[in-house]
Each structure stands twice: as C-alpha cells, then as structure tokens.
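Hi,

Here is the structure I promised to pass on. Have a look, and my notes follow below.

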Amino acid sequence: MRAAVIVFPGSNCDRDLAVALERAGADVTMVWHKDTELPEGLDIVGVPGGFSFGDYLRCGAIAANSPICKSLIAHTERGGYALGVCNGFQILTETGILPGALRRNAGLKYICKTVGLRVENAETPFTAGYEVGQEIDIPIAHHDGNYFVTDEKLAQLKDEGRIAFTYTDNPNGSVADIAGVISKNRRVLGMMPHPERAADDGHGGTDGVAMFRSLMDQLATA
Amino acid sequence: MKARVYVMLKNGVLDPQGEAVRHALGSLGFDGVEGVRQGKVIELDLAEGTTEATVTEMCEKLLANTVIESYKIELG
C-alpha cells in the first residue's frame, strides 16, 4: 500500500497518521501543500488533523484551495482512496469531495476526550475490520465538529449507507449523531474522531488499529 | 474601490454563537432580545473596475461555504 500524507501549515496530526499507516504496512510519503502533484502510483491520501492555516476564515477553507488539493480532488475523481481526520474531514467537505459542513460545536467549547462511536457500516474498505453496531472508543479533539447536512441530503446519506460512524453520546450537536461519512464509492472517509490516536498501547486504546488494517487488507489485494 | 461582504449562517442552520450572545444579553437585563445571529464582515480593497460578478465568484469559491452560509455584497 502506497500512502501519502499531506502537510499544511498548522497540521499537527500528520506524523501520527503517517505512523499509523506505516505500522499497518504502508509505504508513506509526506507531501507539502504547495506541491502540485501527488506521488505516482498512490493508493491512499491521508488528510491529517490540525489547524491548517490557523483555521482562518473557516476550518479547512484555505487548505481546500491549496495547490495540492487540486491533485487530491483529481485523485478521488479517478477512484483513489482518501482518509480525512478532524481538520482533514473539514478540508474534504470544503473541497466538496464529501458532502456537508462542520459548524462550531453546539456547546461552543473545544472538546478533547475519548468518545464512543458506533460502527454504522462495516462494508467499507475502512471499516471491514469492525462489526456493524460495534462500539469503539476513539478520541476527539475539535472546536468545529458539529456536522451539518440538509434533511434531504441526510436522507440520501442514510439510503446510500454512507454514515460510517455515529457518536453513542453526541458531544457536539452533529446532525443525526454523525461522526464520519463515506463517499458513494466507499473510497473516501471523513471523520472527526482520530483513529490514529487510538493505534498504540501508549495511547490508552487501540480501537483505531482495525481501520488501518482493514485498509491494508483491501489495498494490498487490490 | 471597496467591497464589503457579509457572511451569515443560513436561516435554519442553528447558530450556537448567536444563541450564547442572546443568553448573555438576557443575563445583562436586556429583555426582549428574541434572536441573535452572528456573522462576519469581510472588506475587500479592489482594483477599479472589478465587477460584482467577480466578487460573487470570490464568495462562491472561498469567502462563504454555501452549504451553511449565505452572503451579501455591497460595492463602493
């Protein structure tokens, strides 16, 4: 599995995401936001958490218009895989690769804690290592994780099985408790919780490991 | 020339910051504040002759996220 992790000014989970992918067996290249091309022969692009461009204007808005994101959009349009975590999820919605938007948390506070997630769809390359309905513990760390979609779009996401994870106890006001959304072709996942921060015994939990292993299984045989 | 862009959350999108301001005004004794919506104002210094269509394009591409936000442009 060949992976790239994009680094923006203000990214702070880029190395954690790279380590989690490497431990699953990926060959990882870091890519700077000013680069215009992703490496050749890439299987998956990681869009990491952090505070790209200081969250100026809106979280992810400026990053979404950086040179590398044109390549990222082209990569996903070709059917390439991508995983956006936290700020990476915000960037994926700002580029339009994934639907919806992330608003300020309903309680207006930055929240940093481990939360329960329910696996809503285990038939994706990201979630095949989990069971439907399984509850897992993954940390969140965000101020703007309050997911919004219109009622019409929500109905569509439900019909298409595109809600990957929900919160067991909604921490931020997200519509329908949504914590993670997947693309129609099941190859792009965006989520506010951080699976790469639950990938080592030292993290205090390893429920994120199955995601990286699932990806490896999928992409090693692709 | 100058342009001023007002960006607001769309009606129907809950504005938790506006709600917090409404509560704070109530606790200061200002009765009768029935709703507060908080947005942002972006001032642009533009080359003479820049058209409203160009500013609209700026709003659509970057200044507003039209999934949740609406915008209004004032030129001059």
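How many helices and strands does the secondary structure of chain B come to? Chain B has 2 helices and 3 strands, counting DSSP runs numbered from the N terminus (helices H or I with at least four residues, strands E with at least two).

Before the rest, some ground rules: this is a predicted model, where local features need pLDDT of at least 70, side-chain atom pairs count only at pLDDT 80 or more, and totals for chains, interfaces and linings use all residues. Residues are numbered from 1 along each chain as its sequence is written, while chains are lettered from A and ligands numbered from 1 in the order in which they are written.

Back to chain B: along the sequence the pattern reads β-α-β-α-β. Its radius of gyration is 16 Å, well over the 11 Å from the globule rule for 76 residues, so chain B is more spread out than a compact globule (C-alpha atoms only; the rule is 2.2 Å times the number of residues to the power 0.38). The C-alpha box along the principal axes is roughly 50 × 25 × 15 Å.

Where chain B meets chain A, 8 residues of chain B and 11 residues of chain A take part (contact: C-beta atoms, placed from the backbone, within 7 Å). Helix α1 (residues 16-27) of chain B gives the largest share of chain B's side, 3 residues.

Over in chain A, an open sheet of 9 strands with mixed pairing runs β2-β1-β3-β4-β11-β10-β9-β6-β7 (strands pair if DSSP finds at least two bridges between them). Its edge strands are β2 (27-32) and β7 (135-142) of chain A.

Cheers

Notes: Two residues are in contact if their C-beta atoms, placed from the backbone, lie within 7 Å.
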